Amino acid sequence: NSVWVSTDHDEIEKVAKQFGAQVHRRSPEVSQDSSTSLEAIREFLNHHHEVDIVGNIQATSPCLHPSDLIKVADLIQKEGFDSVFSVVRRHQFRWSEVKKGGSKMTEPQNLNPAKRYRRQDWAGELYENGSFYFAKRHLIEKGYLQGGKMAYYEMRAEHSVDIDIDIDWPIAEQRVLSFGYFGKDPLKEVKLLVCSIDGCLTNGRIYVTEDQKEMVSYDYRDIVGINLLKKRGIQVRLISERDCSKTLSAMQLGCIAKVSARNKLQVLEDWQKDMGLSWKEIAYLGNEESDVECLRKAGMSGVPADACTVAQKAAGYICKSSGGCGAVREFAEHIFMLLEKVNSARKQ
């Protein structure tokens with residue numbers, strides 16, 4: 001019925017509201033390093049008596065899909081369970097721990113070494129993966145997230161991601177790109193990338209010499225990214241609100257460009273029709289308010305790290321790199337990763 005972000009952090013509150021969530025400001029008492037999720041949830045319920053069921057979704061599990069949550073909500077609302085939590089199936093053999101220096105030997109916990117079988121022939125065991133916990137109010141008020149009539153929900157292994165320590169981040173990022181949720185419509189092969197020049201291909205700064213000539217800077221990595229896209233058969237076109245024809249000529253990118261574009265969306269729509277493409281086949285990299293409608297229309301959209309707030313809100317991907325500092329190359333790699341997902345799905 002409603003989506004809330006529980007936090008005591010101003011920046012997290014700002015981002016949460018940008019993306020349409022409501023915010024519950026945690027009190028200092030439940031915002032300590034030792035505070036539990038249950039304490040924060042109970043505090044939330046004290047302020048929201050209209051809530052009967054809470055679905056606690058962990059931010060450290062970014063591969064969660066809406067379809068899973070819908071099924072879990074049905075287990076509570078339609079099948080009468082009091083609590084439902086997420087698990088994943090693992091095929092790992094466990095052994096007892098032995099203290100160093102002791103004489104005790106380790107012992108098998110879930111296998112017989114004399115009749116050892118292949119792990120792929122074994123049904124495995126269910127482990128909590130911490131992705132979500134759903135529970136009814138009366139249970140939480142008693143101090144439990146799991147209890148009463150309980151059920152587990154088994155998540156697919158590729159969707160089971162838990163960021164616990166620093167080294168989990170790159171693994172999680174790759175897993176999200178391969179198995180994350182990208183909307184209801186299936187991904188399609190990208191055939192066109194449209195990139196805003198100022199603030200994406202360049203850093204948006206204009207240097208003026210004493211003889212009133214303009215100069216801009218760009219990152220060679222972005223030129224490599226454009227060339228890689230072309231080698232993959234993806235057309236690259238550039239767009240700018242100002243007349244930067246001389247700059248483009250000097251850069252010698254070999255891309256079709258539209259400068260002095262007062263209406264970027266109209267230009268994008270014209271290109272889309274001329275090339276006979278669906279919106280799902282177009283990627284767009286922008287950074288300003290004038291790019292927002294284009295970002296929303298394109299099947300794949302991105303912004304540099306220093307893009308304006310409204311552009312970030314409209315984009316599907318926010319680069320770690322700033323404009324003119326590798327954002328185009330990074331977005332190109334993001335496109336390649338998603339295309340691998342498309343090709344993999346076709347093979348399956």
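Across the whole structure, a search finds 18 salt bridges, a salt bridge being a side-chain nitrogen of Lys or Arg within 4 Å of a carboxyl oxygen of Asp or Glu. The structure is a predicted model, in which local features need pLDDT of at least 70 and side-chain atom pairs count only at pLDDT 80 or more, while totals for chains, interfaces and linings use all residues. Residues are numbered from 1 along each chain as its sequence is written, and side-chain values use heavy atoms, with hydrogens and water left out.

One of these pairs joins Arg89 to Glu154, with the closest N and O atoms 3.0 Å apart. This pair links distant parts of the chain, since Arg89 sits in strand 4 (residues 83-90) and Glu154 in strand 6 (residues 150-154), 65 residues apart. Helices (H or I, at least four residues) and strands (E, at least two) are DSSP runs numbered from the N terminus. Arg89 is partly exposed, at 30% relative accessible area, and Glu154 is partly exposed at 35%; here buried means under 20%, exposed over 50% and partly exposed in between (1.4 Å probe, protein chains only).

Glu125 and Arg94 also form a salt bridge, their closest N and O atoms lying 3.0 Å apart. Glu125 belongs to strand 5 (residues 125-136) and Arg94 to the loop between strand 4 and strand 5, 31 residues apart. Arg94 is partly exposed at 33%.

A further salt bridge brings together the side chains of Glu173 and Lys320 (3.2 Å, N to O). Glu173 lies in helix 5 (residues 168-179) and Lys320 in the loop between strand 14 (317-318) and helix 12 (327-347), so the pair ties together parts that are 147 residues apart in sequence. Glu173 is partly exposed at 31%, whereas Lys320 is exposed at 60%.
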